[in-house]
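The sequence and the coordinates follow, and the text then treats the backbone, the domains, the ligand shell and the confidence of the model in turn.

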Amino acid sequence: SPSASLSNLQSELAQSTHAGADTGTSTMAAPPAERSFDVIVVGAGIIGSCAAHAVASRGASVLLLERFDLLHQRGSSHGESRTTRPTYTRPQYPPMVRLAHRLWHEAERDAGYTVLTPTPHLDLGPRDAPAFVAAMANGGATELAPAGDASRPAWAEAFRVPEGWAAATSGPAGVIKATKAMAMFQTLAAKMGAVVRDRTEVVDVARQEGNTIVVKTSTGEEFHGGKCIITVGAWASKLVKSITGADLPVQPVHTLVCYWRVKPGHEEELTTEAGFPTFATYGEPGFYGTPSMEYPGLIKVCRNGGPPCDPDGRDWATGTGAGGIAEIVARWIDEFMPGVVDTTGGPVLRQPCMCCMTPDEDFVIDFLGGEEFGKDVVVGAGFSGHGFKMGPAVGKILAELALDGESGTAAEAGLELEHYLIGRFEGNPMGKATSH
Ligand SMILES: Cc1cc2nc3c(=O)[nH]c(=O)nc-3n(C[C@H](O)[C@H](O)[C@H](O)COP(=O)(O)OP(=O)(O)OC[C@H]3O[C@@H](n4cnc5c(N)ncnc54)[C@H](O)[C@@H]3O)c2cc1C
C-alpha cells in the first residue's frame with residue numbers, strides 16, 4: 001500500500017542518514033572507507049536532492065551533504081507548496097517543464113505516493129504586453145471564454161480582470177507539495193544507496209593530486225569524490241567565491257509566503273477539488289497564488305521577489321510591516337479577487353523564504369571550470385524564483401554533466417544548455433537581461 005511503502009522509504013532514509021554513525025547522531029564521521037564517492041553533492045535543497053537521486057539511479061555512489069537539518073526552513077525549498085506551469089516568456093523553459101513533469105511522475109511512481117496535484121493554471125496580464133503574449137504562445141495557453149459562455153469555468157468569477165487585460169489557462173500545471181517533494185527525492189536517493197549527511201557544512205572544494213576532488217567541512221572532515229555538484233542555493237556566490245575567487249552573480253532576496261482567509265461561503269469554490277487554478281499576473285511586481293489546499297479556508301497569494309538579503313544575517317520580519325510585502329499583496333487581492341478573499345487584518349499565516357536571482361533570471365547550470373576543476377565540478381544555482389518545478393529535470397542534467405561531461409537527457413528533450421552558462425556574465429554582468 002502507499003503508506004506502507006512511504007514508511008519503508010522513510011526508514012531507509014533514517015538508516016542512510018545515520019550511515020557510519022555509532023552514537024546515533026546524524027553528524028558522526030563515516031569510517032575512512034566510506035569517505036570516497038563517485039559524486040559528492042553539496043546542498044540538499046530540491047535541486048541537490050534531485051541531483052543525488054539522479055546520480056544514485058545511475059548506480060554511482062553518492063554523498064549528499066547538507067549544512068543544516070534536512071528539510072530545514074532557512075533556504076529556498078521549504079514550505080507547503082510550489083506551482084508548476086508551462087507559460088514562460090522565454091521559449092527554452094516549457095520543454096524543461098514537460099521533462100520535469102515526466103520525471104515528477106516517475107519519482108511519484110517509485111515512491112508510491114504523490115507530491116504533484118494537477119490543476120489548471122491561469123495567467124492574467126495586459127493583453128498586448130510582449131512578455132505576456134510570448135508566455136501565452138510558448139505555453140500553449142487558451143484565453144478564458146467570456147462571461148456567459150457555457151465553457152467558462154465557474155471559478156473564473158473569483159477574478160476581476162482589469163480593462164485591457166486578458167486571462168488564459170494552460171497546462172500541464174499544478175501544485176507541488178514542496179517539503180514533501182524534497183523528502184521524496186532524498187528518500188528515493190537513500191533507497192538506492194546514497195549516503196545523506198546533514199549538519200555538515202562544506203567550507204572548501206579543491207582538487208587533490210591525481211583526479212580526486214576533496215570536499216572539506218567546517219569540522220575538518222574531508223570527503224573524496226570523483227566529481228562534485230554544488231547546489232547551495234542562496235550561498236552559491238559565497239561558496240564559489242571562496243573556492244575559486246570568482247564572482248557568481250546570484251543575489252538572494254527575502255520574500256514572504258502569505259496565506260489569507262477565504263470569505264465565508266467561498267471556501268469550497270477555491271479548492272483544488274473544485275478545479276480552482278494556480279494563478280499568476282504579469283507586471284512589476286508579479287503576483288501568484290495556489291488554490292486552497294494545505295490549510296482549509298485559507299488561500300496562498302504572494303508577491304514575486306523582495307529586498308536583497310544576506311542568507312547568514314536575515315531579518316525574519318522583513319516585509320511584514322506597513323508598506324511591506326504583505327500590504328502590497330493585500331492591495332492586489334483587493335483589486336483582483338475582492339469578492340472571495342478577505343484582507344482585513346492582513347495574512348493569517350506568513351513564512352519567510354529566499355529566492356536566488358541572477359541578473360537575467362536564467363538559471364546557472366554549468367561546470368565550475370578553470371584549470372583546477374575543468375569538468376569535475378558542476379554548479380546548479382540562481383534559480384531566480386522559478387526552479388522548484390524544474391528540480392527533477394535540473395537534477396538529472398547536473399548528474400549527467402558530472403558523470404558523463406554532457407547531458408544526454410537535455411539533448412534528447414531539445415534543451416539548449418548554453419542559456420545557463422556562467423560565461424554569459426563574463427564582461428557582461430547583466431547576462432542576457434534585456435532591461436533592469
Ligand atoms: C516563496 C517562494 C516561492 C516560490 N515559488 C515557486 C514556484 O511556485 N514554482 C517554482 O518552480 N519555483 C518557486 N520558487 C523557487 C524555488 O523554490 C527555488 O528555485 C528552489 O527551491 C531552489 O532550490 P535550491 O536547491 O537551489 O536551493 P535551496 O533550497 O536553498 O538549497 C540549497 C541547500 O544548500 C545548503 N547549503 C548551503 N551552503 C552549504 C554548505 N556550505 N554546505 C552544505 N550545504 C549547504 C542549504 O542549507 C540548502 O539546504 C519559490 C521560491 C520561494 C522562496
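In which loop is P172 found? P172 is found in the loop between β7 and β8 (174–176). The structure discussed here is a predicted model.

## Backbone geometry

The peptide bond that leads from G171 to P172 is cis, and its omega is near 5°. A cis peptide bond also joins E284 and P285, with omega about -5°. P285 is found in the loop between β14 (278–281) and β15 (287–290).

E361 is not a glycine, although its phi is positive, at about 65°. The loop between β18 and β19 (364–367) holds E361.

## Strand pairing around β7

Strand β7 (residues 165–170) runs antiparallel to strand β5 (residues 121–126), and six bridges join the two. Within β7, A168 stands opposite D123.

Strand β6 (residues 142–143) likewise pairs with β7 in the antiparallel sense, over two bridges. T169 in β7 is the bridge partner of T142.

## Domains and annotation

The chain is divided into domain 1, made up of 2–77 + 178–246 + 361–425, and domain 2, made up of 121–170 + 251–357. Between the C-alpha centres of domain 1 and domain 2 the distance is 32 Å. Domain 1 gives 12 residues to the contact and domain 2 gives nine residues. On the side of domain 1 that touches domain 2, the classes are five nonpolar, six polar and one charged residues.

According to an unreviewed UniProt entry, residues 38–401 carry the annotation "domain: FAD dependent oxidoreductase". This span is 25% helix and 28% strand, and its end C-alpha atoms lie 13 Å apart.

## The shell around the ligand

Which residues come nearest to the ligand? Of the 35 residues around the ligand, these are G43, G45, G75, G233 and G387. Two or more residues of the shell are given by each of α2 (46–57), β3 (82–84), β13 (251–262) and β18 (349–357).

By class, the residues of the shell around the ligand divide into 17 nonpolar, 13 polar and five charged. Domain 1 and domain 2 each contribute at least three residues to the shell.

## Confidence of the model

The average pLDDT of the chain is 92, and 92% of the residues score at least 70. Which elements of the chain have the lowest and the highest mean pLDDT? The lowest mean, 50, belongs to helix α1 (residues 2–17), whereas α2 has the highest, 99. Helix α2 is also among the elements that give two or more residues to the shell around the ligand.

Over residues 1–7 the pLDDT stays under 50, and the model has six contacts for them beyond four places in sequence. Residues 18–31 also have a pLDDT below 50, and this stretch has 22 contacts in the model beyond near neighbours in sequence. Where pLDDT is low, the predicted coordinates should not be read in detail.

Conventions. Residues numbered from 1 in each chain as written. Predicted model: local features only at pLDDT ≥ 70, side-chain atom pairs only at ≥ 80, totals over all residues. UniProt positions renumbered as here; feature names shortened; annotations may be inferred. Helix = DSSP H or I, 4+ residues; strand = E, 2+ residues; numbered from the N terminus. Domains from an automatic or database assignment. Contact = placed C-beta atoms within 7 Å. Nonpolar A, V, L, I, M, F, W, Y, C, P; charged D, E, K, R; others polar. Near = placed C-beta within 6 Å. pLDDT = per-residue confidence, 0-100. Pairing = 2+ DSSP bridges.
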